[in-house]
Amino acid sequence: MRALVVERLAPDYAGCVVKDIPTPKPGPGEVLVRVRAAAVNFPDLMQTRGEHQHKPPVPFVPGMELAGEIEAVGEGVTDFRPGDAVCGGGRGGMAEFAVLPAAGLRRKPERLSFSQAAGYAVAYLTAYVAFERCARLQAGEWVLVHGAAGGVGLAAVDLAQLMGAKVIAASASDHKLEVIAREYAPDATVNVTQGFRERVKDLTGGKGADVIYDPVGGDVFDESLRCIAFGGRILSIGFTSGRLPVLPVNIALIKGFSVIGVRAGEYGRQFPAKGRENHEAIWKLADEGKVRPRVDAEYPLSGWREAFDSLADRKVIGKTVVRPDL
């Protein structure tokens, strides 16, 4: 089978190559999936350089989220049969086939395409844990979503609206904000390159945002401290800006807000029962057609570098996927 293989850890994907490797066989409790789509996530890019906290031994096939069809099942697997459309992952999505534990897969919602399903779980689970578990978001509250054009940010815009919040979508691109306004209709948009704290205060009647969803960090986090409501919650999702911000605790003391770190996967590991509830909640929304995951572009396996670069260069509105069947 053809696969993208990370043979060594190096900058600029220098250790990555598309090559023929043996098609794996499923062992007990595993299934072989014919991959129809694999989402591209920032951890995939970081793992090619060895910069992510999870460091699989080389060589490995990247791709933590995928969707496809069951090709074969291993011993003891009774929940799936060949031909079933599934999604999930954990490893190996950037290949024509992947072997995965059956317990980590679920049936693909009929309302989602393979590409939508491949990029759904991580983004929407992160947003769900952030709003439902961490911020305890209430209908009518103001939510400022930074990085709103990215996969994680756009999922947050979508989910916050479903939960009845008033949403301000923030991005550094007017074009991206125009697309978000047209397709998702948030209550307001703001370009962060022009400053945003006064705009947020004006929109919220001087109070500030009740909840700020921040996957960016850096200067965006710093300015967010100036437009968070008293008693508000800043949700720290990540640091795509590349700079880890520092919180002046005197500001937190004066304004009475909380900063909450959000790691959806770790939350599920710490609280397994709630973790299962979280997964069931987001997939129920998908089954019912209440969510709108957006796929920005699809690339063949040979176009993996362009797919990775589109994410690294922040050209994406929603998710980018690699389609090994193209």
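1. Let's start with R314, which is partly exposed, with a relative accessible area of 39%. Exposed would need over 50% and buried under 20%, so R314 at 39% falls in between. Bear in mind throughout that this is a predicted model. You'll find R314 in the loop between α11 (304-312) and β15 (319-323). Its backbone is worth a look: phi of R314 is positive, about 60 degrees, although the residue is not a glycine. Most residues other than glycine have a negative phi.

2. A185 sits in the loop between α5 (174-184) and β10 (188-191). Is A185 buried or exposed? It counts as exposed, because its relative accessible area is 51% and the cut-off is over 50%.

3. P59 is in the loop between α1 (42-47) and β4 (65-73). As a reminder, most peptide bonds are trans.

4. Move along to strand β4 and you reach I70. This residue is at 3% relative accessibility, so it counts as buried. What does I70 touch, leaving aside residues up to four places away in sequence? Its contacts are V31, L32, V33, F80, R81, P82, G83, D84, V86 and L105.

5. How many of the twelve residues of α4 are buried? Nine are, and the helix is mostly covered. The buried set is G151, G153, L154, A155, A156, V157, D158, L159 and A160. After α4 comes G164, with a positive phi near 90 degrees.

6. The crossing is right-handed. On the α3 side, the contact is made by A123, Y124, T126, A127, Y128 and F131, while α4 brings G151, V152, A155, A156, D158, L159 and A160. By type, the residues of this contact split into ten nonpolar, two polar and one charged.

7. Helix α3 also meets α10 (residues 272-287), and this crossing is right-handed as well. The axes of α3 and α10 come within 10 Å and cross at roughly 115 degrees. From α3, the contact uses A121, Y124, L125, Y128, V129 and R133; from α10, it uses K274, E277, N278, H279, A281, I282 and W283. The residues of the contact of α3 with α10 divide into eight nonpolar, two polar and three charged.

8. What about α10 itself? Its 16 residues should span 22 Å at 1.5 Å a residue, and the end C-alpha atoms are 22 Å apart, which agrees. The buried residues here are G275, N278, A281, I282, W283, L285 and A286. What covers the buried residues of α10? The cover includes β5 (85-89), β7 (105-107), α2 (114-118), α3, α4 and α9 (264-270). Just after α10, G289 takes a positive phi of about 70 degrees.

9. Finally, take a look at H279, which lies in α10 and is one of the residues in the contact with α3. H279 is partly exposed, with a relative accessible area of 34%.

Technical notes. Residues are numbered from 1 along each chain as its sequence is written. This is a predicted model: local features need pLDDT of at least 70, side-chain atom pairs count only at pLDDT 80 or more; totals for chains, interfaces and linings use all residues. Side-chain values use heavy atoms; hydrogens and water are left out. Buried means under 20% relative accessible area, exposed over 50%, partly exposed in between (1.4 Å probe, protein chains only). Helices (H or I, at least four residues) and strands (E, at least two) are DSSP runs, numbered from the N terminus. A crossing is left-handed if the near helix is turned anticlockwise from the far one by less than a right angle, and right-handed if clockwise. Contact means heavy atoms within 4.5 Å. Ala, Val, Leu, Ile, Met, Phe, Trp, Tyr, Cys and Pro count as nonpolar, Asp, Glu, Lys and Arg as charged, and the others, Gly among them, as polar. Axes are lines fitted to C-alpha atoms, for helices over the stretch in contact, and angles run from 0 to 180 degrees between N-to-C directions. The expected span of a helix is 1.5 Å times one less than its number of residues.
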